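Biologist: Please take me through one part of this model at close range. I would like the nonpolar core first, and then whatever connects to it.

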Amino acid sequence: MRTIGVGVIGMGWMGKAHSSAYINYRLKFGHTGIIPRLVICSEVIEERAKEAKERFGFEKYSMHWKDVVDDDCVEIVEITAPNALHLEIIKYCVAKGKHINCEKPVGAFLEQSIEAYNLVKNYPYQTFVGFNYRWAPLVQYVKELLDSGKLGEVYSYKGRFFSCYAADALSCYSWRFEKENGLGAITDLMSHAVDMALYLLGDIKSVSGVMRTFIKERPLAQEGASHYARGKESDAKKEVTNEDYVGARVSFCNGAEGFIDTSRCFVGPTSEHSFEIHASKGSVKWNFEEMNTLELYLEGDEQSSGYRKIYSSPVHPFHQYFNPSNGTSLGYDDLKTLEIAHFLGKIFDKNYPYYADFQSAARVAKVLGAIIESNTIKEQVKLEMEI
């Protein structure tokens, strides 16, 4: 058995998700012999920090994030603070020699994500990024189909992430809506969609991008309220200074063509992180909103054409750690638990094959930067993915 100390910085929704993932890891992955120990959490709002300590069983709490990194019992630092703080915290973690799991985007700005990767190129400790959607069992199954050649030559890829969290014009203003604290939909949502495309199909060689802001101002929030809170029409408002929508025409190095887009303010979709792949021997459709189902057609299926629906089950990667039955669904928190499982797997085995590290984040940042450049110059931009 091996105990490893964990500290969490930022105890909003995502900090809570990471903390509960460590608890769930102990329950679901006890066979590994790895025991995460929740040592300390930090949050600038003391009431929320104290409540998180009691809820998740941390040994202590602080209102200062450096206390988490400085703690000698902490070997892993989970960064779930606002994006603008990520790089500063990462630098401090590197100086102190900690394993780092950082929510995306690793940097508030794209160049910061690349800078973070450069900091850890020769770092003896592990890094990880919260690209948790790629760990869904059926996404992993699609990855196996692609890598084995069972889908054949890929012709077309369509990816998207449409989230309605900001569809209401009265959704409260937060740091997520101001360019001083980072980009908007392109890093919040498009980063996930681009990571999925890179993970499944590999390098992108060129992009043509467009970006738009549809809701120009939002009501100010009360202290501690998230971007999910709703204000009133009579509330004081503040200008939104980053983008609501991003779209990109993409060409992959493997010859596939495609389109990826994302929005934080479309009505209808709730969390539609999806992809469609059309290839010479088969096609697939997956949507996070129904993450336990996959639309699949493979050459040689009994029907002459058309998809069949399959359900996540123990025959698909990692499903068996959560339940033993076909079609018994996993959820978002299970994906965060898998993220933690893979992070710990990589810490204890450098050859562990499942990971999403700071290099992955830097590759995403290069694509997003090309999309921004294309939107600015109104021309296609070619990429060099080597970093």
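Modeller: The largest nonpolar core has 116 residues. Those with the most contacts inside it are Tyr157, Leu200, Phe275, Ile277, Trp286 and Phe358. This is a predicted model, so every value here is computed from predicted coordinates. In soluble globular proteins, nonpolar side chains tend to be buried together.

Take Phe275. Not counting residues up to four places away in sequence, Phe275 touches Val139, Val142, Tyr157, Lys158, Gly159, Met196, Leu200, Val284, Lys285 and Trp286. Tyr157, Leu200 and Trp286 are also among the residues with the most contacts inside the core.

Tyr157 leads on to Phe252. With neighbours within four places in sequence left aside, Phe252 is in contact with Tyr157, Ala197, Leu201, Gly202, Asp203, Ile204 and Lys205. Phe252 is found in strand E11. Its relative accessibility is 0%, so Phe252 counts as buried. Phe252 and Leu201 are 51 residues apart in sequence, yet their C-alpha atoms are 7.5 Å apart in space.

The strand pairing involves Phe252 too. Strand E8 (residues 204-212) and strand E11 (residues 245-252) run antiparallel and are joined by 8 bridges. Phe252 is the bridge partner of Ile204. E8 also pairs with strand E17 (residues 381-382), again in the antiparallel sense, over 2 bridges. There, Ser206 has Lys382 as its bridge partner.

Now the parallel sheet. Its 6 strands form an open sheet in the order E3-E2-E1-E4-E5-E6. Strand E3 (60-62) and strand E6 (127-129) stand at the edges with a single partner strand each, so one side of each is left without a neighbour in the sheet. On average, neighbouring strands are turned by 25° against each other, direction ignored. Within the sheet, E1 and E4 run parallel and are joined by 4 bridges. Gly7 stands opposite Val77 in E4.

Helix H9 (residues 332-348) lies across E1, strand E2 (34-42), E4, E5 and E6, and runs at about 155° to E5. H10 packs on the sheet as well, touching E5 and E6, and its direction makes about 45° with that of E6.

Just after H4, Gly97 takes a positive phi of about 70°.

Glu103 is found in the loop between strand E5 (99-102) and helix H5 (110-119). Its relative accessibility is 8%, so Glu103 counts as buried. The side chain of Glu103 makes a polar contact with the side chain of His18, at 2.7 Å. Leaving aside neighbours within four places in sequence, Glu103 is in contact with Met14, His18, Ile79, Thr80, His86, Gly130, Lys336 and Glu339.

Note on methods
Residues are numbered from 1 along each chain as its sequence is written. This is a predicted model: local features need pLDDT of at least 70, side-chain atom pairs count only at pLDDT 80 or more; totals for chains, interfaces and linings use all residues. Side-chain values use heavy atoms; hydrogens and water are left out. Buried means under 20% relative accessible area, exposed over 50%, partly exposed in between (1.4 Å probe, protein chains only). A polar contact is a pair of N or O atoms within 3.5 Å; within protein, one must be able to donate a hydrogen and the other to accept it, and residues adjacent in sequence count only if both atoms are side-chain atoms. Contact means heavy atoms within 4.5 Å. A nonpolar core is a set of buried Ala, Val, Leu, Ile, Met, Phe, Trp, Tyr and Cys residues joined through side-chain atoms within 4.5 Å. Two strands pair if DSSP finds at least two bridges between them. Axes are lines fitted to C-alpha atoms, for helices over the stretch in contact, and angles run from 0 to 180 degrees between N-to-C directions.
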